[in-house]
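Morning, everyone. Let me put the model up, and then we'll go through the ligand, the cavity and the salt bridges.

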Amino acid sequence: MRRVYFDHSATTPVNPLVAEEMYKFLTGENFGNPTSQHYFGLIARRAVEEAREKVAGVISADPNEVIFTSGGTESDNMAIQGVAQTNRDRGNHIITCAVEHHAVLNTVKALGKQGFTTTILPVDHYGMVDVDQLAESITDKTILITIMHANNEVGTIMPIREIGKLAKQKGIIFHTDAVQSFGKVPFTVDELGVDLLSISGHKLYGPKGIGALYIRRGTRLRQTLFHGGAQEKLRRAGTENVPGIVGLGKAAELAGSDMEQENKKMTDLRDKLIDGVLSSFKKVRLTGHPLIRLPNHVSFCFEYIEGESMLLSLDMKGIAASSGSACTSGSLEPSHVLLAMGIPPEIAHGSLRLTLGSGNTEEDVDYFLEAIGPIVERLRSISPFSEEENFDTDAGCSECRISQSCKG
Ligand code: PLP
């Protein structure tokens, strides 16, 4: 059976060039502990530092401002908990938004239970925060703003540059979760104006279980999560995951060098998918911003269909997609992101996320577009609600490509 993988926001396959590089650090003479004071240790240390340079290079940071972690979740926790604990003498207010990944949202909520005051900003129907509203929520106790760069469920890219300027003006530490955007859209940490930025290896053709946190020099952030050795300049105790770090370094290097070309290819495939679906069906809406979104990200809500049923049917055709994020799919609750965007729960249940990657082709998109028609037709035919509706009544809005529901 043909297999089409459209779930790259959940995870990506490891690039063979990355795997090759990692293999070298699992075998031969390269297995050393980077803190060891001998030949083997030195080789490992050098590899870790080269990887640090490569990751820093993609975002024009100083390598000394990058530390390695076990992934996006740890980076988010380290940034948020670290700033909160270190800056408690200055204030106790943290600002985030309703569509963050749970790695951010649950960390902020946990701090709320520990006596911090939290503001969880709403978003508009594109999943975007309003910078003026954010400005109004700042108090003299605000110590941290954490707003994601690109949303994992709907692909919307947030106005990070504007928030960065605001945070700088007010002297507030600014963290962004760039797990979905790092290596996919070009930016530097100075352009964004961020103090802290989270990265994960397995979203960019690197291995799972490795990530990085950019920490701008001078940011008040003490060592936080683990007590132990002096690795990563006292910021992250524990023997370094050398093969993982080398893999992340290689993946970052490849992403950085291919970004423009890859971006164009992804955008073309993305737009073909979006146009194909919106022109084929009634009662389907594109979720997230139609234009200010990740180049590889497509997400819809189909009315009168359960997302889970659609996923199973697609899987039987060899197509891997997701409904909501990998972490929330499997739960019967509709996605917190879609609900925060004002999508009614019964419609949010019909969500479908298709996230493209470097291995995808136009033929994959054609295959999907052929497969999805009969699936939607069959699932709607068994829906108790669909008979009441005439699917031919509303052509949707050509301007923003949000079918049916758009009010302009
Ligand atoms: N932040 C975002 C936006 C994500 O999409 C994810 C994973 O899906 C994470 C954080 C967590 O990253 P990791 O899986 O590396 O812990």
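Start with this: which side chain has a polar atom 2.8 Å from an oxygen atom of the ligand? That's Q180. Before going further, keep in mind that this is a predicted model.

H202 uses its side chain instead, with an N or O atom 2.9 Å from an oxygen atom of the ligand. How much of the ligand does the protein bury? Taken alone, the ligand exposes 390 Å², and 87% of that is buried by the protein.

Next, empty space. Rolling a probe the size of a water molecule over the atoms shows where such space is left. How many cavities of 30 Å³ or more does the structure hold? One. For the largest cavity, the volume is about 50 Å³. Ten residues line it. Nearest the centre of that cavity are E153, T287, S299, L338 and S351.

Look at where the lining comes from. Strand 10, 297-302, and strand 12, 351-355, each supply at least two residues. Strand 12 gives the most, with three. By class, the lining of this largest cavity splits into four nonpolar, four polar and two charged residues.

Last topic, salt bridges. The whole structure has 20 of them. Take one: E49 pairs with R45. Their closest N and O atoms are 2.7 Å apart. Why is about one helical turn the separation here? Because E49 and R45 are four residues apart in helix 2, residues 39-58.

Over to you for discussion.

Technical notes
Residues numbered from 1 in each chain as written. Predicted model: local features only at pLDDT ≥ 70, side-chain atom pairs only at ≥ 80, totals over all residues. Heavy atoms only, no water. 1 Å grid on protein atoms, 1.4 Å probe; cavity = no way out; pocket = protein on both sides within 12 Å on 5 of 7 lines; lining within 4 Å. Points joined across faces, edges and corners; volume = space filled by probe spheres on them. Nonpolar A, V, L, I, M, F, W, Y, C, P; charged D, E, K, R; others polar. Polar contact = N/O pair within 3.5 Å; in protein donor to acceptor, adjacent residues only side chain to side chain. Areas by Shrake-Rupley, 256 points an atom, 1.4 Å probe, with all protein chains shown as cover. Salt bridge = Lys/Arg side-chain N within 4 Å of Asp/Glu carboxyl O.
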